[in-house]
Amino acid sequence: MFTPLKYKIHEIAPDLQFWGYEGGNVLAAIAGAGGFFAFYEGLRSVSEIPADNLWSTVATAFSTYPDIIVTAGLAVIVLLTIFLGRFLGTPDRGQAKTWIDRTSSLAGIGLVLGALYFGASWITFTAVSFVSASALLRLCRTSPVFLKLGGLMLAAGGFGLAGYGLSTVQDTQSALLPGLTVLTGIYVFFASLMTYQGGIYECNAIQEELGGAPSSNDPFRTDGLLARLLVSRLDRPIGVLVKRIALPSVFWVSRNTKSTAPFLTSMWTRLPWRVLTGIAAVATGTTVGVLFGVANMLWAVGDVAIGSLDWKLAET
């Protein structure tokens, strides 16, 4: 009875992934800023910084209110992506969307670096890492190399999520939510490696079709410079980590699914922890807790969209 629903989800997976992940990312970043009211007050404080010159004003804003600035930048990326995607509904929309996603991913990576340099909170770093990852994963329609790059950014987000859980241990009376958040971050990290491995499979399949064709100058092609660099530096160690650590740790997923459906395995790796963490966060009753809980539920929607890439190949 769920088959029609599954194929519908598979059909709209890119849009579902966008709204799930980006909605969760925005809410998580606002939670990192202290909630909607705190975010608004932070923006007011930023607007009151003396505008002596552009660069000093930006540097002061970043160093004084890193979570506010990164969250605002993240929101701008998401809103512009939505607006431009709707506005550029032309016959060349596919090419336009590609450039939008490339720009979003680069801007997201810039905010990730800014969050690290200026000391934004772990959850803000997580959210902006996921924004960049989401844009990169949407680009997989142009090349599976972006599955690898998106997987790496998801790994950064998973690391940040675990860090956020550890940073909240002393701020809560119960260790349940911090513990679940750490576990969620760990399994998001594992799932990101599986997403990367899915990119390995897709790239290898295309390379087999190309045969002995000469290498491309396009760095994002499966035979381009970036692809060859990833193959020589990361494919093997990530493959070993997935085989020896990530897959064995996901004991609730069948062996057949693990061996035939990397995206579906990635989904089931994250989904239980997203839901449990979301419930525990909402149960705190605090503004930040509710925002973080809803963010986890929206991320779960994005996970389902990723898993649906394998629904035509395997059943859970």
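Which residues make a nonpolar surface patch of about 490 Å²? The close-ups below, taken from a predicted model, begin with that patch.

**View 1. The nonpolar surface patch.** V76, L80, F83, L84 and F87 together make this patch, which covers about 490 Å². One of its members, V76, sits in helix α5 (residues 66-87). V76 has a relative accessibility of 45%, so it counts as partly exposed, since exposed would require over 50%.

**View 2. Helix α5 from end to end.** Here we follow the 22 residues of α5, whose first and last C-alpha atoms are 31 Å apart, close to the 32 Å expected at 1.5 Å a residue. The buried residues of α5 include P66, D67, I68, I69, V70 and T71. Further along α5, G73, L74, I77, V78, T81 and G85 are buried too.

**View 3. Helix α12 and its kink.** Helix α12 takes in residues 262-283, and its end C-alpha atoms lie 32 Å apart, which agrees with the 32 Å that its 22 residues should span at 1.5 Å a residue. Look for R270, where α12 has a kink of about 25 degrees, shortly before the proline P272. After α12 comes G285, with a positive phi near 75 degrees.

**View 4. T287 in helix α13.** T287 belongs to helix α13, which runs over residues 287-307. Is T287 buried or exposed? Its relative accessible area is 51%, so T287 is exposed, the cut-off being over 50%.

Key:
Residues numbered from 1 in each chain as written. Predicted model: local features only at pLDDT ≥ 70, side-chain atom pairs only at ≥ 80, totals over all residues. Heavy atoms only, no water. Patch = residues over 30% accessible without salt bridge, like charges linked within 9 Å, V, L, I, M, F, W, Y side chains within 5 Å. Areas by Shrake-Rupley, 256 points an atom, 1.4 Å probe, with all protein chains shown as cover. Salt bridge = Lys/Arg side-chain N within 4 Å of Asp/Glu carboxyl O. Helix = DSSP H or I, 4+ residues; strand = E, 2+ residues; numbered from the N terminus. Buried < 20%, exposed > 50% of the residue type's maximum accessible area, 1.4 Å probe, protein only. Expected span 1.5 Å × (residues − 1). Bend = angle between axes of the 7 residues up to and from the residue.
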